Structure formats: C-alpha cells, structure tokens
Amino acid sequence: LILHGICSILLAVFAAHCGFSGWWSAWLGGLFLAHPVHTESVLYIVGRADLISLSFILLSCLVHLRASPPRNFGAFLAAVVSCVLLIAAGLCKETGFCFFGLLVGWDILWLTWQPSNMRLWMRMLLLLLLGTLCCGLRFWYTGTTIERMDPFSNPVAAEKDQLVRILSYALVHGIYGKLLVWPNFLCYDYSFDAVPLVRSLSDCRLLLPIGCYLGFFALITLSSGLAQRR
C-alpha cells in the first residue's frame, strides 16, 4: 500500500511538471491510486516488483524532465542519473528497460524545436547506447522465450503459426485496454485457453484491439497538438 501510494504521488508530481494544473495532476494521481486494475500489484507480494519499477521509472522521468532541454554539464549528469534509475527499474521488472525508448522519443520531440542543440544530441545518443546495451544484455542472459514453454501455461507463445501469435497478442492488448476503461472483470490470464487464440483475420474479436490502437494514437495526436500550442 505504501509503495502504491508513493507511485500515485510521483505520478501526480510528474503530471504537474508536464504542465498540467494542480487539479488535473491530483485527479490523475487519485485515478491511479483507486483504479481496480492495480489490485494484483497491491494484494500480492510479487506485485511489489511492478510498483518499485514504476517508482524508479517516474523518478527517472522527473530527473530527465527537470534537465530538458540540456543547457550545461549538469544536464549530462542528470541524464546519467536518469539512466541509472531506468536500469534499476529494469532490474525490478524487465519492461523498465523499454522506457529508454520513451526518453529517446522525448528528446526527439525536443530536437524538432531545437535541432542545433548539440547537448541534446549527445544525451539522446547516450540513451540510445545504454538502452540498446541493456536490452542486448537482457536477451543474451534470458533469451527471447521462456524455456519449457507449454501450450497450457501460455498457449500464445507456444503457438507455431506466427500470424496466429500476432493476432492473439493483439487481442490481449485490446483486453488490457478494455480493462483500463471498463474494469468490470479483472481476470486477464490467458493460460489454459482462457482467451481462445485468434486464428483468422475475420475474427470479430479483432475489433477490440483495433479500437484500442486507434484510441491510443488519437490520444497521442491530441497530446502532441496540446504540447505544440503550449
């Protein structure tokens, strides 16, 4: 509960630093705090990995944001601290390594406004190198698949048809998106064929991930437009 509360506060602080008003920032932190989708992370002891990883990610984003755009050597030190925090997040939960890409994307947006800022180019290069190194070490150490994967515990990963895997994972993404908007049924486990595989493009269940992807890109487009106006 304490970790969950810390993550909620950090998210609200991050929103405030991104330019949201105090009310919107508080609403975002409160929504994260009360959303039922986080039930497993709070109730089960293994869920602390998600919360600790998220706290490191938010701290990294805050450090990165405070030093953007980079203007002096202190900004480079802040980039190093931000990378260390992301590495710590990835050691808690391997998805934390993916957020190197988020910070790189952030710097790309800054470069559209300040293309001649060499410190910005150097920071982005540092993020790319460390992010690539971390992901490479992860794949070298653990491989790309879980050993002894069986069709009962994870039927999607055990499926040999690549198209079926892609479509089935897309459906899982749609289910995750639905849980964020309408968490009336929190079970998202797809083992033991709880979520039947998608074997055809004509499967009507694919409308769910399509709607989820379109909604996500619409939010990204809206956020980019608001950021440019500011």
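Q: What covers the buried residues of H1?
A: In this predicted model, helix H1 covers residues 2–17, and its buried residues include His4, Cys7, Leu10, Leu11 and Phe14. The cover over these buried residues includes H2, helix H3 (39–43), helix H4 (48–66) and helix H6 (99–113).

Q: How far apart are the end C-alpha atoms of helix H1, and what span should its 16 residues have at 1.5 Å a residue?
A: Helix H1 is followed by Gly19, a residue with a positive phi near 110°. Taken at 1.5 Å a residue, the 16 residues of helix H1 should span 22 Å, and this agrees with the model, in which the end C-alpha atoms are 23 Å apart.

Q: Which elements, helices or strands, make up the protein, and how many are there?
A: Read from the N terminus on, the elements run α-α-α-α-α-α-α-α-α-α. Of the contacts between residues at least 6 apart in sequence, 65% join residues at least 24 apart, and 34% of the 230 residues count as buried. The count of elements is 10 helices and zero strands.

Q: Is Ser25 buried or exposed, and with which residues is Ser25 in contact, leaving aside its neighbours within four places in sequence?
A: Ser25 belongs to helix H2, which covers residues 22–34. Because its relative accessible area is 4%, under the 20% cut-off, Ser25 is buried. Leaving aside neighbours within four places in sequence, the residues in contact with Ser25 are Ala12, Ala15, Ala16 and Phe20.

Q: How far apart in space are Ala26 and Leu11, C-alpha to C-alpha?
A: Ala26 also lies in helix H2, where it counts as partly exposed at 47% relative accessibility. Leu11, for its part, is one of the buried residues of H1. Ala26 and Leu11 are 15 residues apart in sequence, and their C-alpha atoms are separated in space by 8.9 Å.

Q: Which parts does the salt bridge between Lys93 and Asp50 tie together, and how far apart are they in sequence?
A: In the salt bridge between Lys93 and Asp50, the closest N and O atoms are 3.5 Å apart. Because Lys93 lies in the loop between H5 and H6 while Asp50 lies in helix H4, the pair ties together parts whose separation in sequence is 43 residues.

Q: What is the N to O distance in the salt bridge of Asp107 and Arg123?
A: Asp107 counts as buried at 0% relative accessibility, and Arg123 is buried as well, with a relative accessible area of 2%. The side chains of Asp107 and Arg123 meet in a salt bridge with an N to O distance of 2.6 Å.

Q: Which residues form a nonpolar patch on the surface, with about 460 Å² of accessible area together?
A: Leu77, which lies in helix H5 (residues 73–92), counts as partly exposed at 44% relative accessibility. Leu77 belongs to this nonpolar patch, whose members are Phe73, Phe76, Leu77, Val80 and Val84.

Terms used
Residues are numbered from 1 along each chain as its sequence is written. This is a predicted model: local features need pLDDT of at least 70, side-chain atom pairs count only at pLDDT 80 or more; totals for chains, interfaces and linings use all residues. Side-chain values use heavy atoms; hydrogens and water are left out. Helices (H or I, at least four residues) and strands (E, at least two) are DSSP runs, numbered from the N terminus. Buried means under 20% relative accessible area, exposed over 50%, partly exposed in between (1.4 Å probe, protein chains only). Contact means heavy atoms within 4.5 Å. Patches are made of residues with over 30% relative accessible area and no salt bridge: like charges are joined within 9 Å, nonpolar side chains (Val, Leu, Ile, Met, Phe, Trp, Tyr) within 5 Å. Accessible areas come from the Shrake-Rupley method with a 1.4 Å probe; for residues, only the protein chains shown count as cover. A salt bridge is a side-chain nitrogen of Lys or Arg within 4 Å of a carboxyl oxygen of Asp or Glu. The expected span of a helix is 1.5 Å times one less than its number of residues.
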